[in-house]
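User: Please take me through this model by setting each label against the rule behind it, and show me how each conclusion follows.

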Amino acid sequence: MKILLRFGTVTALAVIATLLAMQGTASAATAGGYDVSYPQCGTSLPADRAFAVVGVNGGLSTRANPCLAAQLGWAWGATGAVPAQPRAQVYLNTANPGELRAQVTTWPRSGTTPYGSCDGSNSSACSWEYGWERAQNSVTAFFTPAAQAAGVDGAPSHYTWWLDVETVNTWQSGSSAALARNRATLEGMTTYLTSQGGRVGLYSTGQQWSQIVGAVPVGSTLTGLDNWLAGATSLTGAQAACRKPALVPGGRVTLSQYVQGGLDRDLSCV
């Protein structure tokens, strides 16, 4: 671009400085990350990543992402160009199969929880215990060995752990009590992860969250957690999502996901 000096040298320099500042702001706004998991196994992953979020599970909370080690190594190669976002983050699949517990070998039979003792029934206590155990298993059986194999930081306390809440997984439904049991599962997962020093966030859309969890009471451990909103199909849509209400009281939207070129991209909202 050619800047005409009709207003004098000082004015022209000021214009140039302004344009450069605007360019830097635009670059910062569009810089972002990607999220990947088992569907990207065997594919070439993007090199232009400021940060990355890796799925620990293989679609279900009981399964491991078979490419977890390789993808964790890739995530730690991010530039870190977005200061508000850690270079490497992770997410866990979530569910509550309490209504199908007779078909689920991982449904708990005992445990002491904030909702009382679990006795194997379809209760808030067993739902909470189920969440705790699934988070514990994802960390100790899936994440930690993969981090060691990749030669990257394996301390849970050094990661943000996003809980992926989507209707494609098995959830209870049909009543406010069912939604409360779903919420208890997420609370159990949150409690385990925070006991390990991890930072927990919630990934969903407003519609799916309302269908699965509903309103979250202020006393819940989900209150105040950061949110990662899905559903946008463009950068413009992701920018708009950053301004949407949080999923939980006291929460804030810190990440927004959008699809570009067949890949999940992520925009930092903070």
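User: Which residues does Thr 185 touch, not counting residues up to four places away in sequence?

Analyst: This is a predicted model, in which local features need pLDDT of at least 70 and side-chain atom pairs count only at pLDDT 80 or more, whereas totals for chains, interfaces and linings use all residues. Residues are numbered from 1 along each chain as its sequence is written, and side-chain values use heavy atoms, with hydrogens and water left out. With contact meaning heavy atoms within 4.5 Å, Thr 185 touches Ala 95, Asn 96, Ser 127, Trp 128, Tyr 130 and Gly 131 once residues up to four places away in sequence are set aside.

User: Why is Thr 185 called buried?

Analyst: Buried means under 20% relative accessible area, exposed means over 50%, and partly exposed is in between (1.4 Å probe, protein chains only). Thr 185 has 0% relative accessibility, so the label buried applies.

User: What makes the approach of the Thr 185 side chain to the side chain of Asn 96 a polar contact?

Analyst: The rule asks for a pair of N or O atoms within 3.5 Å, where within protein one must be able to donate a hydrogen and the other to accept it, and residues adjacent in sequence count only if both atoms are side-chain atoms. The side chains of Thr 185 and Asn 96 make such a contact at 3.0 Å.

User: How do you know that the span of α4 agrees with its 20 residues?

Analyst: Helices (H or I, at least four residues) and strands (E, at least two) are DSSP runs, numbered from the N terminus, and helix α4, which holds Thr 185, covers residues 176-195. The expected span of a helix is 1.5 Å times one less than its number of residues; for the 20 residues of α4 that gives 28 Å, and because the end C-alpha atoms are 28 Å apart, the two agree. As for its surroundings, 14 of the 20 residues of α4 are buried, which leaves the helix mostly covered, and α4 is followed by Gly 197, whose phi is positive, near 85 degrees.

User: How many salt bridges does a search of the whole structure find, and which residues are linked in a network?

Analyst: The search finds three, and the network links Arg 199, Asp 226 and Arg 252. Asp 226 forms a salt bridge with Arg 199, their closest N and O atoms being 2.6 Å apart. Because Asp 226 lies in strand β8 (residues 226-232) and Arg 199 in strand β7 (residues 199-204), this pair ties together parts that are 27 residues apart in sequence. The side chains of Arg 252 and Asp 226 also meet in a salt bridge, at 3.0 Å from N to O. That pair links distant parts of the chain, with Arg 252 in strand β9 (residues 252-260) and Asp 226 in strand β8, 26 residues apart.

User: Why do Asp 226 and Arg 199 carry their accessibility labels?

Analyst: Asp 226 has 10% relative accessibility and therefore counts as buried, whereas Arg 199, with a relative accessible area of 44%, is partly exposed. Arg 252 is partly exposed too, its relative accessible area being 42%.

User: Why is the aromatic pair of Trp 132 and Tyr 192 called edge-to-face?

Analyst: Rings of Phe, Tyr and Trp (its six-membered ring) pair if their centres lie within 6.5 Å, and planes under 30 degrees apart count as stacked, over 60 as edge-to-face and the rest as tilted. By this rule the count comes to ten aromatic pairs. Trp 132 and Tyr 192 stand 5.1 Å apart, centre to centre, with 80 degrees between the planes, and form an edge-to-face pair. Trp 132 lies in helix α3 (residues 124-150) and Tyr 192 in helix α4, so the pair ties together parts that are 60 residues apart in sequence. Phe 143 and Trp 161 form another edge-to-face pair, at 5.0 Å centre to centre and 70 degrees between the planes.

Definitions and conventions
Salt bridge = Lys/Arg side-chain N within 4 Å of Asp/Glu carboxyl O.
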